[in-house]
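These are my notebook entries on a single chain. I record what I looked up, entry by entry.

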Amino acid sequence: KETEGNRTYIYDEDEKYVIVLEPLRKINEYYLLSAYHVRGKDAARNKFRKKYKRKLNEVL
């Protein structure tokens with residue numbers, strides 16, 4: 001959960017690629033918000049691990 005609302009981050013650690021999805025008003029439908037390759041030091045990529053630790057156990 002973020003200030004903008006609930007978002008789903010899919011992070012492929014092997015490829016270092018992130019996909020960000022935002023739920024639509026209907027259940028089980030998502031809007032592709034962004035997708036990008038993550039570059040930089042490990043510290044920059046650690047923010048996705050932190051987001052994973054804050055994850056919701058279920059979709060609200």
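**Salt bridge**

I searched the whole structure and found 1 salt bridge, the term meaning a side-chain nitrogen of Lys or Arg within 4 Å of a carboxyl oxygen of Asp or Glu. The model is a predicted one, in which local features need pLDDT of at least 70, side-chain atom pairs count only at pLDDT 80 or more, and totals for chains, interfaces and linings use all residues. Residues are numbered from 1 along each chain as its sequence is written, and side-chain values use heavy atoms, with hydrogens and water left out.

I then looked up the partners: Arg-7 and Glu-22 form the salt bridge, with 2.9 Å between the closest N and O atoms. Arg-7 belongs to the segment before β1 (8–12) and Glu-22 to strand β2 (residues 17–23), so the pair ties together parts that are 15 residues apart in sequence. I noted the general rule that side chains of opposite charge can pair when their charged atoms come close.

I checked the accessibility of both partners, taking buried as under 20% relative accessible area, exposed as over 50%, and partly exposed as in between (1.4 Å probe, protein chains only). Glu-22 is partly exposed at 23%, and Arg-7 is partly exposed at 25%.

I listed 1 helix and 3 strands, in the order β-β-β-α from the N terminus. Both are DSSP runs numbered from the N terminus: helices are H or I with at least four residues, strands are E with at least two.

Strands β2 and β3 pair in the antiparallel sense over 7 bridges; strands count as paired if DSSP finds at least two bridges between them.

**Surface and whole chain**

I found a nonpolar surface patch of Leu-24, Tyr-31 and Leu-33, with about 280 Å² of accessible area together. Patches take residues with over 30% relative accessible area and no salt bridge, joining like charges within 9 Å and nonpolar side chains (Val, Leu, Ile, Met, Phe, Trp, Tyr) within 5 Å. Leu-33 is located in strand β3 (residues 30–37) and is partly exposed at 35% relative accessibility.

Areas come from the Shrake-Rupley method with a 1.4 Å probe; for residues, only the protein chains shown count as cover. Of the 60 residues, 12% count as buried.
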